[in-house]
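My entries follow in the order I looked things up.

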Amino acid sequence: MSNFVICINNDSNPASLVLGKVYRRLPDADAELHNMLRVIDEDKSEPDGYLYPASMFAPIELPKIAEQALVAAAQCAEL
């Protein structure tokens with residue numbers, strides 16, 4: 001699965017997820033067994049991300065340069 005997903009449904013979490021926004025998906029094999037995804041959401045208070053139903057997102061493939069830019073931006077935000 002892609003390292004990034006786009007939010008396609010934020011009905012149950014409008015304060016934590018922005019519809020149409022790209023989020024970084026964190027690896028979590030146990031969550032995926034239960035059709036859940038771990039993402040870093042708008043709250044950002046939990047560095048390990050939060051679990052959401054996978055149906056709230058669609059996987060997307062980004063050009064490598066875009067992935068690098070998003071990861072770098074997230075790292076800058078953590079400082």
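I began with burial: buried residues make up 25% of the 79 residues in the protein. I call a residue buried under 20% relative accessible area, exposed over 50%, and partly exposed in between (1.4 Å probe, protein chains only).

I note that this is a predicted model, where local features need pLDDT of at least 70, side-chain atom pairs count only at pLDDT 80 or more, and totals for chains, interfaces and linings use all residues. Numbering runs from 1 along each chain as its sequence is written, and side-chain values use heavy atoms, with hydrogens and water left out.

**Entry: fold and overall size**

I counted two helices and five strands. Their order along the sequence is β-β-α-β-β-β-α. Both kinds of element are DSSP runs numbered from the N terminus: helices are H or I with at least four residues, strands are E with at least two.

I then checked the size. The C-alpha trace spans about 30 × 25 × 25 Å along its principal axes. The radius of gyration is 12 Å, which agrees with the value near 12 Å for a compact globule of 79 residues. That radius is taken over C-alpha atoms, and the globule rule is 2.2 Å times the number of residues to the power 0.38.

Next came contacts, meaning heavy atoms within 4.5 Å. Among contacts with a separation of 6 or more, 40% come from residues 24 or more positions apart.

I also looked up surface and charge. The accessible surface is about 5,100 Å², and 58% of it belongs to carbon and sulfur atoms. Areas come from the Shrake-Rupley method with a 1.4 Å probe; for residues, only the protein chains shown count as cover. The protein has 6 positive and 12 negative charges, and their mean positions are 5 Å apart. Lys and Arg count as positive, Asp and Glu as negative; His and the chain ends are not counted. I placed each charge at NZ of Lys, CZ of Arg, CG of Asp or CD of Glu.

**Entry: aromatic rings**

How many aromatic pairs does the structure hold? I found two. Rings of Phe, Tyr and Trp (its six-membered ring) pair if their centres lie within 6.5 Å; planes under 30 degrees apart count as stacked, over 60 as edge-to-face and the rest as tilted.

Tyr23 and Phe57 have ring centres 6.2 Å apart and planes at 80°, so this pair is edge-to-face. The pair links distant parts of the chain: Tyr23 is in strand S2 (residues 22-26) and Phe57 in strand S5 (residues 57-60), 34 residues apart. Tyr23 is buried, at 2% relative accessibility. Phe57 is buried too, at 5%.

Tyr52 and Phe57 form an edge-to-face pair, 6.1 Å centre to centre with 65° between the planes. Tyr52 is buried, as is Phe57. I logged Tyr23, Tyr52 and Phe57 as one aromatic cluster.

Pro53 sits in strand S4 (residues 50-53). Is Pro53 buried, exposed or partly exposed? Its relative accessible area is 34%, so I wrote down partly exposed. Leaving out residues up to four places away in sequence, Pro53 touches Asn35 and Met36. Its C-alpha is 9.1 Å from that of Ala31, 22 residues apart along the chain.

I flagged its backbone: Asn35 is not a glycine, yet has a positive phi of about 55°. Most residues other than glycine have a negative phi.

Asp48 is in the loop between S3 and S4. Which residues does Asp48 contact, leaving aside neighbours within four places in sequence? I found Leu26 and Arg38. From Asp48 to Gln68, 20 residues apart along the chain, the C-alpha separation is 19 Å.

Last, I looked at Ala74, in helix H2 (residues 64-78). Ala74 is partly exposed, at 27% relative accessibility. Ala74 and Arg38 are 16 Å apart, C-alpha to C-alpha, and 36 residues apart in sequence.
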